[in-house]
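Please keep the sequence and the model in view while reading.

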Amino acid sequence: MGLKILVLAKQVPDTRNVGQDAMKPDGTVNRAALPAIFNPEDLNALEQALRLKDTFPGTTVHIVTMGPPRAAEIIREAMFRGADGGYLVTDRAFAGADTLATSYTLSLAVKKLAPFDLILAGRQAIDGDTAQVGPQVADKVAVPQITYAEEIQSVKDGKIRVKRRLERGIEIVESPLPCVVTVHSSAAECRFRNSKLTMKNKHAKTLSELQETESSYVNLYKTSPWLTITEWSANDLNPDFNCLGLTGSPTKVKTIENVVLTAKESVQLTPSDSDMDNLMKELIANHTIG
Amino acid sequence: MNNVFVYIEIEDGAVADVSLELLTKGKKLANQLEKKLEAIAIGFNLQGLEKELFPYGVDVLHVADDKRLAPYTTLPHNKIVCEIFKREQPEIALFGASSVGRDLAPRICSTTGSGLTADCTSLEIGDHTDPKTKQEYKNLLYQIRPAFGGNIIATIINPDTRPQIATVREGVMKKEIFDANYKGEVKKFDISILNDADFVVKVIEREIEKSKVNLKASQVIVAGGYGVGSRENFKLLYELAEVLGGEVAGSRAAVDSGFVDHERQVGQTGVTVRPKLYIACGISGAVQHTAGMQESSIIISINNDPLAPINTIADYVISGDLNEVLPKMVKYYKQNTK
Ligand SMILES: Cc1cc2nc3c(=O)[nH]c(=O)nc-3n(C[C@H](O)[C@H](O)[C@H](O)COP(=O)(O)OP(=O)(O)OC[C@H]3O[C@@H](n4cnc5c(N)ncnc54)[C@H](O)[C@@H]3O)c2cc1C
Ligand SMILES: Cc1cc2nc3c(=O)[nH]c(=O)nc-3n(C[C@H](O)[C@H](O)[C@H](O)COP(=O)(O)OP(=O)(O)OC[C@H]3O[C@@H](n4cnc5c(N)ncnc54)[C@H](O)[C@@H]3O)c2cc1C
């Protein structure tokens, strides 16, 4: 019994490695210095999908991503690790989408790919940090959702059993398929690239990327159809244009402030006995402690 | 109509702290807008709940009580809240940014088509003029939240959709009784709108620990980071916390390395604390960490790197090895309090 699995994945700026050069001298974020990466929890989701593929022969795993053309990179990356292919949903009309407009767009793409057995997503993307897209897609596709998944324990008789990681413990839940499962960072890490798959898929490209490719390769895409990454624009999804991008987003960003660490006047001390003695005396005297 | 709503989270019959914190904030917003505060409690065996909630200034408590509604599952809770929203047309609705609130609120917003702002650190009422259309909006909810990994703070508004919905983490808002004798009204929700399709997801097993530590209530916090080096070495922090009557906390790097348990994590993805004294030991001071402790009254940083970013927000900077400093702090505290 093979499953048809879709993995929602997002390319994100690597906000975790805000190193020296990633902050400008005025304390603001230098976005250009942040590399674009596969959203970490989406890799956890991919791993859960690939495990099901290992268990159930005939299973297919496809990435669905909405983003700029370069987001095709994460589809390729997923193919190097074992995914069968992917769909890049890209259009200017999607720009400025909040989570509602994002989930609307993704749900149209997903419905176009129906029927499917399972949609996996990361719990949260590290740039927007909202964890809203998974449940919203589930609602729009009208299927149940299981969030905060740590492990898919079984898929049997049309039901999926999942261990969830909550703040203070775990929960094991069962849902009928199809459903949406969002995967938590405590789940198993994603496997590395497989060298055979990397060789096989290294020329995987979207049609727009292909147009920039030298002609000598063109035959390759006739003989190896999996190398063509499907690209969908807004028109391909037949959307209500009022629900896309900035127009379709009920939330508006009013202002954005960059976090600037402002230096306080701090008292500088050494570990010497006299400094430590004086510090404790001072804290006791001003009733901070004691 | 157009009141302020708070979803009450219930775990094992007890109301979650975050819900009481949201009622406190909700009451302030409601008063400012001259609206009422309403709460929605969904679960089992909820009789008497109003006694705990009315003192927070709740004017109307909607109760949906049924065996199948606890423990929490998404679909029935979603259906009930959406139905109440449809009837009552809230102006504002607040949810905890917990595994329950963050599971439920997005699904509700998708149904109602309203905007949702995650993980707000501050909520205020304010006006807005659309920069393009010049249309003016009065009394919007300013939803202020960190994003981009904590490197920016965004103020988000939902000008045209209602309710304006936000989630807030536990510990971010303060919990305060509004009036111990306050009396509201209880409205029983008729659950006959639920059907089998709402209960297709089954909870097979749950193991939820009662939280043992209460960082938020602690006046003194001794927090350790990756620089502490090991779980064993954290005993230096426990010793100091014990003599000072405080609690031990950790950075995410310390938690991820297994030095200290997750429930003690301070920061953006942990607890937000504002003790009288916060002692940061071997913590570099990433924004995700400082987001959870920068409002502490006094901050001491112990770090062997004099340029550690945390030093810029510290009141006292001790440049040195924490292994040397911590025992001395214990020693001189004892000497000076004898
Ligand atoms: C500063 C700032 C603050 C913001 N605050 C809010 C806010 O409070 N409310 C709001 O509605 N929007 C907000 N947004 C917009 C939001 O970041 C975008 O809508 C984004 O497209 C999706 O949200 P997310 O990054 O939070 O994803 P999450 O909801 O955290 O993502 C969860 C999972 O959904 C899937 N997913 C998400 N996006 C995609 C995609 N493009 N393609 C494929 N899969 C995807 C992935 O599996 C991901 O792991 C904010 C944006 C910024 C820059
Ligand atoms: C989305 C997101 C959410 C996050 N949420 C959180 C959160 O909630 N909380 C959190 O803490 N982090 C969070 N982080 C992680 C955060 O970015 C940092 O990685 C983390 O805070 C670093 O922990 P640290 O300071 O303990 O470790 P490090 O950065 O490794 O710092 C260790 C420090 O110890 C000092 N040191 C070493 N040895 C000694 C010694 N013997 N004596 C004295 N000093 C010594 C070093 O000089 C250094 O400054 C989050 C990150 C992301 C991307």
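The residues of the shell around ligand 2 divide into seven nonpolar, 16 polar and four charged; here Ala, Val, Leu, Ile, Met, Phe, Trp, Tyr, Cys and Pro count as nonpolar, Asp, Glu, Lys and Arg as charged, and the others, Gly among them, as polar. This is a predicted model in which local features need pLDDT of at least 70 and side-chain atom pairs count only at pLDDT 80 or more, while totals for chains, interfaces and linings use all residues. Residues are numbered from 1 along each chain as its sequence is written, chains are lettered from A and ligands numbered from 1 in the order in which they are written, and side-chain values use heavy atoms, with hydrogens and water left out.

The shell of ligand 2 comprises 27 residues, of which B:Y226, B:S251, B:T269, B:S284 and B:N303 come nearest; a residue is near a molecule if one of its heavy atoms lies within 4 Å of it. Because residues of both chains A and B surround ligand 2, the site is shared between chains. Polar contacts, pairs of N or O atoms within 3.5 Å (within protein, one must be able to donate a hydrogen and the other to accept it, and residues adjacent in sequence count only if both atoms are side-chain atoms), include one of 2.8 Å between a backbone N or O atom of B:R252 and an oxygen atom of ligand 2. A polar backbone atom of B:G282 lies 3.0 Å from an oxygen atom of this ligand. The protein covers 81% of the 990 Å² of accessible area that ligand 2 has on its own, as given by the Shrake-Rupley method with a 1.4 Å probe (for residues, only the protein chains shown count as cover). In chain B, α6 (252-256), α7, β17 (298-303) and α8 (322-337) each supply at least two residues of this shell; helices (H or I, at least four residues) and strands (E, at least two) are DSSP runs numbered from the N terminus.

Helix α7 (residues 287-290) of chain B also holds B:H289. B:H289 is buried, with a relative accessible area of 5%, where buried means under 20%, exposed over 50% and partly exposed in between (1.4 Å probe, protein chains only). A polar atom of the B:H289 side chain lies 3.3 Å from the backbone oxygen of B:V266.

Ligand 1 is surrounded by 34 residues, the closest being A:K10, A:D42, A:T99, A:T130 and B:L116. This site too is shared between chains, because residues from chains A and B surround ligand 1. Oxygen atoms of ligand 1 lie 2.5 Å from a polar side-chain atom of A:K10 and 3.0 Å from one of A:T102. The protein covers 92% of the 930 Å² of accessible area that ligand 1 has on its own. By class, its shell has 16 nonpolar, 11 polar and seven charged residues.

Chain A has nine helices and 14 strands, and buried residues make up 53% of its 290 residues. In soluble globular proteins, nonpolar side chains tend to be buried together.
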